[in-house]
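Subject: Structure handover

Hi,

Here is the structure for you to look over. My notes follow below it.

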Amino acid sequence: ITPNFAFNSTGDWLLYEREGVTALDLESGEVISMPRGWRFNQFNFNWSPDGKFAAIGESDGRFFLFNAATKSTSTILYNMVPYSSPNWAWSPDSKYVAIGASDGSVLLLNTATFAITKSLPASASEATALAFSPDGTQLGIGRTVGSVELWQVETTNAPQSLLPGHS
């Protein structure tokens with residue numbers, strides 16, 4: 001079986017899956033294995049646009065961030081939507097990662113502080129698709145019931161609009 005793998009945008013890190021998730025510093029050759037206990041789950045992972053962080057989601061609903069500068073992993077939450085592929089999105093400036101939680105809410109994590117700075121209210125259905133607009137001002141949320149919500153990131157007021165035909 002070919003493992004999943006992903007290079008960061010600067011080309012100095014490689015993340016790959018083989019009995020867990022491992023980060024390889026391509027400049028120094030240092031190998032950093034993520035904590036054990038993850039090895040029987042399925043993983044999704046990708047790098048932030050600036051290449052400084054990797055988001056790692058597990059099939060059991062756990063979500064982690066790997067910080068390439070400190071070479072450390074932080075557990076962010078345990079209630080991401082399980083078995084989603086992947087259920088998070090990076091803002092274009094890498095300032096935020098939006099994460100779909102199992103209760104239907106969407107959490108905005110500030111990557112500078114690793115704090116959840118905003119929470120968009122829970123909906124009657126799970127958020128299964130997330131995408132930031134190219135300028136990072138809006139977050140689109142696709143729900144299991146077929147609706148699409150557009151949120152203003154800085155205000156997190158009620159959705160600005162629903163796309164026609166997706167109510």
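Lysine 118 counts as buried, at 16% relative accessibility. Buried here means under 20% relative accessible area, exposed means over 50%, and partly exposed is in between (1.4 Å probe, protein chains only). The side chain of lysine 118 meets that of glutamate 154 in a salt bridge, 3.7 Å from N to O. The term covers a side-chain nitrogen of Lys or Arg within 4 Å of a carboxyl oxygen of Asp or Glu. Lysine 118 sits in strand β12 (residues 115–120) and glutamate 154 in the loop between β15 (148–152) and β16 (161–162), so the pair ties together parts that are 36 residues apart in sequence. Strands are DSSP runs of E, at least two residues long, numbered from the N terminus. Glutamate 154 counts as exposed, at 56%.

This is a predicted model: local features need pLDDT of at least 70, side-chain atom pairs count only at pLDDT 80 or more, and totals for chains, interfaces and linings use all residues. Residues are numbered from 1 along each chain as its sequence is written, and side-chain values use heavy atoms, with hydrogens and water left out.

Salt bridges

The whole structure has four salt bridges. One of them joins glutamate 30 and lysine 71, at 2.6 Å from N to O. This pair links distant parts of the chain, 41 residues apart: glutamate 30 is in the loop between β3 and β4, lysine 71 in the loop between β7 (63–67) and β8 (72–77). Glutamate 30 is partly exposed at 34% relative accessibility. Lysine 71 is partly exposed at 32%.

Glutamate 149 bridges to arginine 143, with the closest N and O atoms 3.2 Å apart. Glutamate 149 is buried at 10% relative accessibility, and arginine 143 is buried at 4%. Salt bridges with shared partners also join Asp25, Glu30 and Lys71 into one network.

Aromatic pairs

The search finds two aromatic pairs in the whole structure. Rings of Phe, Tyr and Trp (its six-membered ring) pair if their centres lie within 6.5 Å; planes under 30 degrees apart count as stacked, over 60 as edge-to-face, the rest as tilted. Tryptophan 13 and phenylalanine 66 are edge-to-face, at 5.4 Å centre to centre and 70° between the planes. Tryptophan 13 is in strand β2 (residues 13–17) and phenylalanine 66 in strand β7, 53 residues apart. Both residues are buried.

Tryptophan 47 and phenylalanine 66 have ring centres 6.3 Å apart and planes at 80°, so this pair is edge-to-face. Tryptophan 47 lies in strand β5 (residues 43–47) and phenylalanine 66 in β7, so the pair ties together parts 19 residues apart in sequence. Relative accessibility is 9% for tryptophan 47 and 0% for phenylalanine 66. Ring pairs link Trp13, Trp47 and Phe66 into a cluster.

Sheet and surface

Four strands form an open sheet in the order β1-β2-β3-β4, with antiparallel pairing. Two strands pair if DSSP finds at least two bridges between them. The edge strands β1 (5–7) and β4 each pair on one side only. Three bridges join β3 to β4. Alanine 23 has isoleucine 32, in β4, as its bridge partner.

Phe5, Phe7 and Leu26 make a nonpolar surface patch of about 320 Å². Patches are made of residues with over 30% relative accessible area and no salt bridge; like charges are joined within 9 Å, nonpolar side chains (Val, Leu, Ile, Met, Phe, Trp, Tyr) within 5 Å. Areas come from the Shrake-Rupley method with a 1.4 Å probe; for residues, only the protein chains shown count as cover. Leucine 26 is in the loop between β3 (21–25) and β4 (31–33). Its relative accessible area is 37%, partly exposed.

Best wishes
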